[in-house]
Amino acid sequence: MSLVIIGTIAFDAIETPFGKTDKIVGGAATFAGLAAAYLYNPVKLIGVVGEDFGDENLGIFKSRDIQLDGVQIKKGEKSFFWSGKYHNDMNNRDTLVTELNVLADFDPVVPESYQDCNYLLLGNLTPQVQATTLSRLRKKPKLVVLDTMNFWMDTAWDDLLQVLKQVDVLTINDAEARQLSGEYSLVKAAEHILKLGPKYLIIKKGEHGALLFGDGQIFSAPALPLADVYDPTGAGDAFAGGFIGYLAKVGTINFNNMRNAVILGSALASFCVEKFGTERLRELTQEDINQRIARFTALSRFDI
Ligand code: AMP
């Protein structure tokens, strides 16, 4: 049994009101894998990098016991590169550069050792590659979670609608939910999106938490109010990794476990934003995570 994650493994250059980085390691699968590995083992990645990525950067995954048999290294080519800039309101960002590089003709390989996958996170990348990955697993996983973003709604709308028909859970942010549904109300947006294929929908609202829709119910999770947010990059992916990592750990899919999974996702995302890039997600202890969950519980518990 395993948790398989596909997504970008990238270089990012980030600017926030608190600083600026040159190329640092990022990517959807990177953040999601690092988050999930705190909750479940084995985590197996599928992705592609260029020769420029280097062994030292791959060591980030190896040191966390994350398996890389499905990660292709393309000789003489460059890794996916993304650059973004956040302003004072860090819920919004401008994408400055998206260079697909190795992602442009990425053909995902699903190694034999990954065919035991029962939890699959189709992290953010080309919808057509997400669909191909799913089709290359001989056994349909117990749970398929898909994360995507506005870039793919703008550039690969039909492919995205096609792959959505095959997933159990979709995670997107509020602006993307509105774009996908054409509805402003998030309740109406959820009704619309749940007819497109996913049984459950999670709408992430940055520092305002997340909403889970499904089984005719809604759950609202807070985001932890943090004094210092340095870099929101990867929070959505860390959320998705924490979410599916928790469900893989408990092994039963129902609305109550999904609620808890949303809290675990929110907790991992709250760590992610405390430092630039992957730094914070590489240094956590189980005790850090337990304490944070306790803070989440205390934050919104009430007894009328
Ligand atoms: P998030 O902040 O959760 O949306 O994720 C940011 C990460 O997604 C960065 O590390 C980027 O490398 C990666 N990323 C940015 N644009 C894309 C894209 N179009 N497809 C896949 N990954 C992307």
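Helix axes here are lines fitted to C-alpha atoms over the stretch in contact, with angles taken between N-to-C directions. All views show a predicted model.

**View 1. Packing of helix α3 (residues 127–135) against helix α5 (residues 157–164).** The two axes come within 8 Å and cross at roughly 30°. Angles under 35 degrees count as roughly parallel, so α3 is roughly parallel to α5. The crossing in which α3 passes α5 is left-handed.

**View 2. Residues at the contact of α3 with α5.** From α3, the contact is made by P127, Q128, Q130 and A131. D159, L160 and V163 are the residues that α5 contributes. Sorted by class, four residues of this contact are nonpolar, two are polar and one is charged.

**View 3. Strand β9 (residues 117–122) and its burial.** Six of the six residues of β9 are buried. The strand is therefore largely enclosed by the rest of the structure.

**View 4. Pairing of strand β1 (residues 2–6) with β9.** β1 and β9 run parallel and are joined by five bridges. In one of the bridges, S2 has C117 of β9 as its partner.

**View 5. Pairing of β9 with strand β10 (residues 143–147).** These strands also run parallel, and four bridges join β9 to β10. The bridge partner of L121 in β10 is V145.

How values were computed: Residues are numbered from 1 along each chain as its sequence is written. This is a predicted model: local features need pLDDT of at least 70, side-chain atom pairs count only at pLDDT 80 or more; totals for chains, interfaces and linings use all residues. Side-chain values use heavy atoms; hydrogens and water are left out. Axes are lines fitted to C-alpha atoms, for helices over the stretch in contact, and angles run from 0 to 180 degrees between N-to-C directions. Helices (H or I, at least four residues) and strands (E, at least two) are DSSP runs, numbered from the N terminus. Angles under 35 degrees count as roughly parallel, over 145 as roughly antiparallel, 65 to 115 as roughly perpendicular and the rest as oblique. A crossing is left-handed if the near helix is turned anticlockwise from the far one by less than a right angle, and right-handed if clockwise. Contact means heavy atoms within 4.5 Å. Ala, Val, Leu, Ile, Met, Phe, Trp, Tyr, Cys and Pro count as nonpolar, Asp, Glu, Lys and Arg as charged, and the others, Gly among them, as polar. Buried means under 20% relative accessible area, exposed over 50%, partly exposed in between (1.4 Å probe, protein chains only). Two strands pair if DSSP finds at least two bridges between them.
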